[in-house]
Amino acid sequence: MKQVLEGSHAVAEAVRLAKVQVISAYPITPQTHIVERLSDYCADGTIKARFLRVESEHSALAVMIGAASTGMRTFTATSSQGLALMHELLHWSSGARLPIVMAEVNRALAPGWNIWADQTDSLSQRDTGWIQLYCETGQEVLDTTLLAFRLAEAVNLPVMVVLDAFFLSHTYEPVDIPSQAQVDEFLPPIIPRIQLDPANPCALNQLSPPNIYMEMRYQIHLVMQAALSELEKFEGDFERIFGRRYGAVEPFLCQDAEIILVTSGTITSTSRQFVLDQRAQGEKIGVLKVKLFRPFPVEAVRGYLKNARKVGVIDRNFSFGAGGIFAQEVRAALYGLARRPPVFGFIAGLGGRDVTLESLGEILTRLKTLKRPDPESIWIGLQEVQLAGPKS
Amino acid sequence: MKAKNNSIRLPERLLISRSYTTSESNKTGSWRYLMPRYYEKTAPCSVACPAAEDIGRIQMLNTQGFFKEAWDTILVENPFPAVCGRICFHPCEKVCNRGRFDEAVSIRALERFVADTAQRYKLTSGIEPMAFTGKRIAVVGAGPAGLAAAHFLHLLGYDCHVFEALPEPGGILRWGLPRYRLPLAALQPEIERIRNSGVSIYCGQAVGRDFLHSAGETYGAVFMACGAQRMPLLRIPGEDLPGISEGLAFLCSVAQGGGPGFQGTAAVIGGGNTAVDVARCLRRLGARAMIIYRRRREDMPAFAEEIELALLEGVELLELYAPIRIEKEGNGLRLTLQQMKIGAMGADGRMRVVPDENRIRELTVDQVFKAIGFEAAEPWHVPEAGAVSHLKLRQAVLTQGANSVPVVYCGDPVTEIQSVVHAVASAKEGAMALHVLLTGGTAAVAETLAAAAVGPGGSLSMEAFLKGERLNRSSHVVAYEEINIDHFQYAPRMIQPRLLQAERVASFAEIDLKISAGMAIREAERCFNCGLCNQCDNCRLFCPDLAVRQEDSKRGRRIDYDYCKGCGICVVECPRNAMVLEEEQDS
């Protein structure tokens, strides 16, 4: 059934359909609408889950860890500073191999205070062992949330469903909400592999000395790699039931493209329009959308990009002292290929600034004129700043 | 295990650390170098109470609705809760730790509530006296000190005969305290309870000095508790004129029948409670009443609250005036008053007053009442000065009388302050000392009494003397800083309901009205129970090692030292400092 839904509520509807058992979260803009809707659902009995109120995001994730250790299907949501506060427990969740699902709304980190879209919050958690899935539309948000539970519970790793602040979280779009029967078919009840049981008590996650720690980490690496094929498998199931498929990466008119833009999140939608406009004028360009960031889909990225003449990666994020984070990953993925295109890194849309067709036009112009990529990122749309106040 | 991108199989088993061995095999108690233990301490209120009432415990019982147990807990230390719950000057409330948090607990009102509840339901005390010693003791005077002495001596296993010169027992409580402060209906059951416990009270039986010589034939000891009834002279010209009366005699006549109607103006000379009582009774009889006091209002020995109520009732206060002469003028009396002023600080810590040059004021009134303090009525009511055989205690004096019969002096003539609760404290100390003297000799008195002391103030506990549970507490007095106030919420002190102001001077009805059980419980819940365990269970709930175990004992829990690491969290989270953290003893 199609409904016009806010992106936040697309998450909430998916969580309802997933029959989550324990929810805990701390409110933060622009995530709050997600858990507001869920707390209403818990209060009015629409979903039979425990909603635990806590005093911080750190505690929210701690609750998830406790609940997931008892074998429950769990969900939390956060954003920006909230995610940063969870950092310690992000590592713990993956190390403890708990299939927690989190909606993470991309929002810029302070200071200066900014509540708008920016990916640096989630990308700076890339080494915590969480699978990260980036979304482009409200429909993809709902579908990805359902996929996330299936994937998390299969590989016993936590999964982050990532969506842009406001462009997704607060934007209303038509979304097809599947029936409960369909969802039940795709997502059966959790069969926990970790489940504390008072009848057979055990201690979890105690001291692991050097003689075993490394093997434990290697297994996480292995299942992270396995997640690539698991996701593919589940997307097959998903397509069979719901008729939709996304892929770890999604090419748009890349087949014969000389120039390929690499994007993630909502910038992709603008880029699709841009590509259509440019193709109408004879430009051979395409877009490669990256949905799965961890594990990074190296083979797929190589496959779609290797024949391009130039690649431009658009990052709505930045690693100070290095560059755009997707650009680094794409360069690393292509490294080692005998024949590989030059990769140009562009920074655009930080702190929620619009990335328009004009911004993309500037990127294309640069790509066409520049011979070789500079290690430095190219910042798009920087303006002259008039400083006020005393000099310091 | 091998990584290969396209066809990686998920491992069959999770590689996480998981142990099915019980963590109880790790006896973390071996890490401990500090050791917590339950150790109850002393509340400041119980130290300030001359009768050493176990106030923290009384309030704990009140919060649980155990009013009879609360009443028994008072009675073992003080036989007059209905009296002291009304007229005590409550030194306990001045030192209440709650006072530093918001406002002191209304301890006196709760004492009255407990006593009134016991009277309403005609409860009988559950305190068991010690086995009869076979000894009989004579008590001279049935005022608060004499009756309290009989009560305590009865508890200690003695047969008591109380001799009272007046036709009814009660002394100052019956004859001197106005009914609007202490109704007869509140006093009478307290006396009846003492009588019903087995004490014989002989009224209208004045004893003379020779009794001290002949008593030994019948009695094993004599308790002298005659109080202080004689008023010292003003030592000014005209004080013998007709129309000048003694305040206590006036109060006595009022107590007997309401006293004569009185329309004119009366001056009351003095600044103690008797002066205030006289003035307030005069207002009720229809007179204009003026208190004349040579110092300032804040120097008056009368209780501040009583002064406040007197002024609200229309009593006038002339501060810094000393009468120097009284003369007859027509049908009235002319008082000549010397204006006084503040001088230097005296050795006793009070400001001295000196005449303010020749400033004189004259005042014509219809009657004058003297109320300037009391002394013993007869010289033999007090211990003989300078006798070497005297054992001078804090609030009592023990002597060997004729025929080696011990004589104990207690009450007003030997206490530091003339108050009912001091009379009780004095009687208790005298009874304990006499019991030690008769069972263990003079030498044991000081040490035995010290063991029953509550805190450093010298208040003595009968429960501790009888080897009760109070003996197990530390004498350390809990300071406000030792209370974990994070576990308490602000709550205002109860407001004592009273007669409307306009109704007060219209009769001798009691001014302070009853409070409900709900109000009493809420007020008792404000008590920090300083130093006492009230089973709040914080120690168990906060223990990170589950090393505080529940058990079926009186305390309800114990520390399992096999696992207690000595982190001290239980001690810190104990809201009321009923635990202690000590250095581990080498074993």
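Over how many bridges do strand β12 of chain B and β13(B) pair, and in which sense? I start there and then work through the rest of this predicted model.

Some ground rules come before the points. Residues are numbered from 1 along each chain as its sequence is written, while chains are lettered from A and ligands numbered from 1 in the order in which they are written. Since the model is predicted, local features need pLDDT of at least 70 and side-chain atom pairs count only at pLDDT 80 or more, whereas totals for chains, interfaces and linings use all residues.

1. **The sheet in chain B.** Strand β12 (residues 332-345) of chain B and β13(B) pair in the antiparallel sense over ten bridges. Strands here are DSSP runs of E with at least two residues, helices are runs of H or I with at least four, and both are numbered from the N terminus. Two strands count as paired if DSSP finds at least two bridges between them. One place to look is B:Arg334, whose bridge partner in β13(B) is B:Thr364. The open sheet has three strands in the order β11-β12-β13, paired antiparallel. Its edge strands, β11 (321-329) and β13 (351-365) of chain B, each pair on one side only. From one strand to the next the twist averages 15°.

2. **Domains of chain B.** The assignment gives domain 1 (28-40 + 533-583), domain 2 (44-125 + 476-525), domain 3 (136-230 + 376-451) and domain 4 (244-370). These bounds come from an automatic or database domain assignment. Between domain 1 and domain 4 of chain B, the C-alpha centres are 59 Å apart.

3. **Where the chains meet.** Contact involves 24 residues of chain A and 16 residues of chain B; two residues are in contact if their C-beta atoms, placed from the backbone, lie within 7 Å. On the chain A side, β9 (203-204) and α9 (210-242) are the elements that give two or more residues. The most come from α9(A), with eleven residues. That side of chain A has twelve nonpolar, eight polar and four charged residues. In this classification Ala, Val, Leu, Ile, Met, Phe, Trp, Tyr, Cys and Pro are nonpolar, Asp, Glu, Lys and Arg are charged, and the others, Gly among them, are polar.

4. A:Leu204 has B:Arg18 as its bridge partner in β1(B).

5. **α3 and α5 of chain A.** Helix α3 (residues 57-69) and helix α5 (residues 87-95) of chain A pack at about 15°, with axes 9 Å apart. Axes are lines fitted to C-alpha atoms, for helices over the stretch in contact, and angles run from 0 to 180 degrees between N-to-C directions. α3(A) and α5(A) are therefore roughly parallel, with angles under 35 degrees counted as roughly parallel, over 145 as roughly antiparallel, 65 to 115 as roughly perpendicular and the rest as oblique. Their crossing is left-handed, a term used if the near helix is turned anticlockwise from the far one by less than a right angle, with right-handed if clockwise. A:His58, A:Leu61, A:Ala62 and A:Ile65 of α3(A) make the contact with A:Leu89, A:Trp92 and A:Ser93 of α5(A).

6. **α2 and α3 of chain B.** The axes of helix α2 (residues 55-63) and helix α3 (residues 67-75) of chain B come within 8 Å and cross at roughly 165°, which makes α2(B) roughly antiparallel to α3(B). This crossing is left-handed. Among the residues in contact are B:Ile58 and B:Leu61 of α2(B) and B:Phe67 and B:Ile74 of α3(B). The contact divides into five nonpolar, two polar and two charged residues.

7. **Backbone spots to check in chain A.** Most residues other than glycine have a negative phi, and most peptide bonds are trans. A cis peptide bond joins A:Thr29 and A:Pro30, with omega about 5°, and A:Pro30 sits in the loop between β2 (22-25) and α2 (32-43) of chain A. The bond from A:Pro111 to A:Gly112 is also cis, with omega near -10°. Finally, A:Phe166 has a positive phi, near 65°, in the loop between β7 (159-164) and β8 (172-176) of chain A.
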